[in-house]
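Please open the structure in your viewer and keep the selection tool at hand.

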Amino acid sequence: MKKSSDTYLGKYFFEHFPVYINRATESFDTFLHDHDFYEFAYIAEGSGFHHVGDDIHKVIKGQLCFIPIGIPHVFRPQSTNAAKHRLIVYNCVFPARVLAKLAEFVTDEACRSFIVALMNDAVDYFVLPDEEDTIEKLFLAMHREYTLIHAGAIDYIHTLLVQLLLTVQRRRSVEGGAASKTPVSFHRLLQYLDRHCTEPLTLASLAEASGWSARHLQRLFLRHTEQPFLRYLQHLRIQRSCQLLRDTPEKVSAIAESVGYKDIGTFLALFKRSVGMTPTQYRNSKSQ
């Protein structure tokens with residue numbers, strides 16, 4: 001690929017807003033370029049290639065790429081057939097002054113050190129997998145806030161960017177072996193529960209999958225959630241049922257089964273204890 005001397009300047013992106021966020025369908029029309037600001041790019045759909053300097057990296061959905069200042073790069077889909085090979089990327093770009101502001105706000109020393117390293121150009125290009133869709137949710141929230149421009153949008157995006165930086169710093173620490181095993185691994189287990197809470201899960205099955213004993217796993221639930229495993233699982237399922245009651249016309253019995261309860265009586269009792277009203281009363285209260 002012929003290198004281009006194109007440089008994207010932040011003064012054209014941050015005239016009215018300190019952060020620029022977009023969702024782009026990549027093509028072969030964009031030239032290799034660098035920029036005087038930082039960029040996080042999240043692969044939202046499809047796959048393709050990321051040309052970074054003299055290197056070419058395969059990229060797939062669910063990857064986060066960090067592009068430092070002054071590094072020439074460009075994304076390319078697998079082919080010119082856009083219908084067959086799409087590559088869609090969320091871009092979040094911001095100048096050094098935003099990092100400086102966030103560094104003043106952050107109190108966690110590890111995250112602050114990471115931000116300072118970014119500001120000092122001490123962090124090279126890297127790619128991280130988004131194993132639990134945590135990063136994708138942050139990009140969706142940032143993009144929505146940026147495009148809709150609610151009151152307080154700048155502050156809200158700053159908080160989301162702090163969450164992104166914290167998430168990235170934690171992931172990089174885990175990959176480098178700098179983090180302790182238990183809190184990080186248990187955090188991932190909780191994220192797994194968020195996604196699979198409607199399935200027939202037991203403490204024994206989670207213990208076998210995590211490598212901890214059931215007794216130790218129960219201690220971790222009590223320590224980090226202040227609830228025993230079963231109560232925590234029930235809470236997630238009731239939360240999911242509330243969402244379905246609000247957003248769908250499904251029958252209560254169908255919702256109960258979809259969140260993991262084959263016995264409607266058990267579901268009704270748990271729902272009433274947790275929410276303080278029956279599922280039907282809850283649905284009616286949300287439709288008024």
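**First stop: a pair of rings**

Select Phe 40 and Phe 66: both residues are buried (under 20% relative accessible area; exposed means over 50% and partly exposed lies in between, with a 1.4 Å probe and protein chains only). This is a predicted model, in which local features need pLDDT of at least 70, side-chain atom pairs count only at pLDDT 80 or more, and totals for chains, interfaces and linings use all residues. Residues are numbered from 1 along each chain as its sequence is written, and side-chain values use heavy atoms, with hydrogens and water left out.

A pair of aromatic rings is described by the distance of the centres and the angle of the planes. Rings of Phe, Tyr and Trp (its six-membered ring) pair if their centres lie within 6.5 Å; planes under 30 degrees apart count as stacked, over 60 as edge-to-face and the rest as tilted. By this rule the structure has 20 aromatic pairs. In one of them, the ring centres of Phe 17 and Tyr 146 are 5.3 Å apart and the planes stand at 85°, so this pair is edge-to-face. Phe 17 belongs to the loop between strand S1 (6-8) and S2, while Tyr 146 belongs to helix H3, 129 residues apart. Helices (H or I, at least four residues) and strands (E, at least two) are DSSP runs, numbered from the N terminus. Phe 17 is buried at 13% relative accessibility, and Tyr 146 is buried at 18%.

Return to Phe 40 and Phe 66: their ring centres are 5.3 Å apart with planes at 50°, so the pair is tilted. Phe 40 is in strand S4 and Phe 66 in strand S6, 26 residues apart.

Now select Tyr 8, Phe 13, Phe 14, Phe 17, Tyr 20, Phe 37 and Tyr 146, which form one aromatic cluster.

**Second stop: salt bridges**

How many salt bridges does the structure hold? There are three, a salt bridge being a side-chain nitrogen of Lys or Arg within 4 Å of a carboxyl oxygen of Asp or Glu.

Select Glu 45 and Arg 23, whose closest N and O atoms are 2.6 Å apart in a salt bridge. Glu 45 lies in strand S4 (residues 38-52) and Arg 23 in strand S2 (residues 20-25), so the pair ties together parts that are 22 residues apart in sequence. Glu 45 is partly exposed at 27% relative accessibility, and Arg 23 is partly exposed at 37%.

Next, select Lys 61 and Glu 136, which meet in a salt bridge at 3.2 Å, N to O. Is each residue buried, partly exposed or exposed? Lys 61 is partly exposed, at 43%, whereas Glu 136 is buried, at 18%.

Finally, select helix H8 (residues 229-247) and helix H10 (residues 264-275), whose axes come within 10 Å and cross at roughly 90°. Axes are lines fitted to C-alpha atoms, for helices over the stretch in contact, and angles run from 0 to 180 degrees between N-to-C directions. H8 is therefore roughly perpendicular to H10 (65 to 115 degrees; under 35 counts as roughly parallel, over 145 as roughly antiparallel and the rest as oblique). Residues in contact (heavy atoms within 4.5 Å) include Ile 238 and Leu 245 of H8 and Phe 267 and Leu 270 of H10.
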